[in-house]
Amino acid sequence: MIKILHLSDIHMGSGFSHGKINPETGLNTRLEDFVNSLSQCINRALSEPVDLVIFGGDAFPDATPAPYVQEAFASQFRRLADAKIPTVLLVGNHDQHSQGLGGASLCIYRTLGVPGVVVGDRLTTHRITTRNGLIQILTLPWLTRSTLMTRQETEGLSLVEINHLLIERLEVVLEAEIRRLDPNVPSILLGHLMADNASLGAERYLAVGKGFTLPVSLLARPCFDYVALGHVHRHQNLNKSNDPPVVYPGSIERVDFSEEKEEKGYVMLEIERGDTEWEFCPLSARTFQTIEIDVSKIEDPQAAIVKAIAKHNIQDAVVRLIYKLRSEQLDLIDTSELHRALSASHTYSIQPELISQLARPRIPELSASNSIDPIDALKTYLDNRNDLKDIAELMLDAAHNLLANDVEVTPESLTQEQDFALSNNKDTQLKLL
């Protein structure tokens with residue numbers, strides 16, 4: 001069997017605001033955290049050793065990372081090249097330039113001809129010879145609407161109609177590539193995408209209006225022995241029957257507090273034609289910890305906050321302290337004592353919230369813990385804003401156009417009716433800020 005390590009969503013260079021400068025290296029400690037997690041993955045690949053490493057996309061937060069960030073990433077994958085372990089680097093949405101034009105941050109590895117490194121920046125099949133045999137990797141990089149369709153073809157269509165048309169076109173291209181596969185050789189689909197029944201978090205909004213959602217039925221085909229995905233930061237298997245497994249390994253480090261409760265890691269698998277065994281391997285990623293308390297009705301808010309901090313293990317964690325209080329309680333808070341109580345953490349932030357500022361009722365559907373489609377979120381918001389009911393339909397139309405066409409809404413792009421309605425609702429619009 002062929003042994004493979006599958007990792008994804010490294011995002012090297014992210015989250016610097018949650019770190020601090022290491023005086024010994026001059027580097028942000030969060031960069032060192034990401035390097036450490038990636039190093040753990042590479043260590044495992046070398047110690048096994050594996051026959052192949054596949055990366056599911058999003059190496060960096062954008063397509064133009066700082067040189068020292070690129071060096072930190074390259075130094076780890078260089079270890080695989082030195083060990084003669086072939087590696088497939090798939091291009092994700094964060095690796096591409098705006099609108100998917102102008103190349104990608106990972107293409108330099110192909111240009112330099114790094115031994116054993118394959119860059120997956122287009123839909124094609126790579127036949128790779130490993131120490132334990134031949135394997136086929138069909139790469140499906142992040143696709144935007146503009147990749148498959150022109151603006152003229154989408155004009156006048158709803159988002160649902162556009163998505164159906166996009167999936168139909170992709171299915172034709174994918175089917176043509178599948179027919180070229182050798183049925184006697186193990187095959188893997190390596191894709192950076194949103195699957196329709198994945199449990200999503202912040203990823204839904206990171207590429208809003210740029211990509212589209214694919215049905216799992218399009219991916220889970222018997223011609224594939226394993227479907228290796230990237231883009232979603234939460235580890236999950238979308239095909240519980242494992243025929244084939246459709247797996248997001250998740251990101252290797254927490255990017256922000258939206259991933260506070262997610263376990264981070266990578267996937268190890270052994271594969272042969274018609275048989276795949278896999279397991280998720282957790283990483284010792286940096287802990288994120290939220291401490292939230294409402295002291296607005298407590299006589300001694302300071303003591304309550306300090307007690308809440310003491311209940312949590314904050315050693316070397318990235319911590320945010322959120323406490324709600326009344327304006328008249330502000331003088332009762334000794335922030336210097338809070339700083340001392342949080343000093344054992346790696347870094348921390350203190351966020352007091354006045355009850356008077358929270359008087360407007362929250363909309364449960366729009367809480368941070370829920371994932372909701374952008375259009376549904378806007379509808380929910382407008383349903384709770386009677387003062388916007390006169391322009392609600394125009395706002396929804398504008399949102400549909402924005403997401404469908406990937407264009408910026410400017411005064412020139414508004415119809416006379418929309419321009420008149422918005423110009424006569426300036427007071428109303430200010431309330432959105």
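1. Isoleucine 54 has valine 88, in strand 3, as its bridge partner. Strand 2 (residues 52-55) and strand 3 (residues 87-90) run parallel and are joined by 3 bridges. Two strands pair if DSSP finds at least two bridges between them; strands (E, at least two residues) and helices (H or I, at least four) are DSSP runs numbered from the N terminus.

2. On the source: this is a predicted model, in which local features need pLDDT of at least 70 and side-chain atom pairs count only at pLDDT 80 or more, while totals for chains, interfaces and linings use all residues. Residues are numbered from 1 along each chain as its sequence is written, and side-chain values use heavy atoms, without hydrogens and water.

3. The open sheet has 6 strands in the order 4-3-2-1-13-14, with mixed pairing. Strand 4 (117-120) and strand 14 (275-282) are its edges, each pairing on one side only. Direction ignored, neighbouring strands are turned by 20° against each other on average.

4. Helix 1 packs on this sheet and touches strand 1 (2-7), strand 2, strand 13 (265-272) and strand 14; its direction makes about 180° with that of strand 1. Contact means heavy atoms within 4.5 Å. Angles run from 0 to 180 degrees between N-to-C directions, and axes are lines fitted to C-alpha atoms, for helices over the stretch in contact.

5. Helix 1 (residues 29-47) also packs with helix 2 (residues 67-82), at an angle of about 10° and with the axes 9 Å apart. The two helices are therefore roughly parallel (angles under 35 degrees).

6. In that helix contact, residues including Leu31, Val35 and Leu38 of helix 1 meet residues of helix 2, among them Tyr68, Ala72 and Phe73. The contact residues divide into 11 nonpolar, 3 polar and 1 charged (nonpolar: Ala, Val, Leu, Ile, Met, Phe, Trp, Tyr, Cys and Pro; charged: Asp, Glu, Lys and Arg; polar: the others, Gly among them).

Definitions and conventions
Angles under 35 degrees count as roughly parallel, over 145 as roughly antiparallel, 65 to 115 as roughly perpendicular and the rest as oblique.
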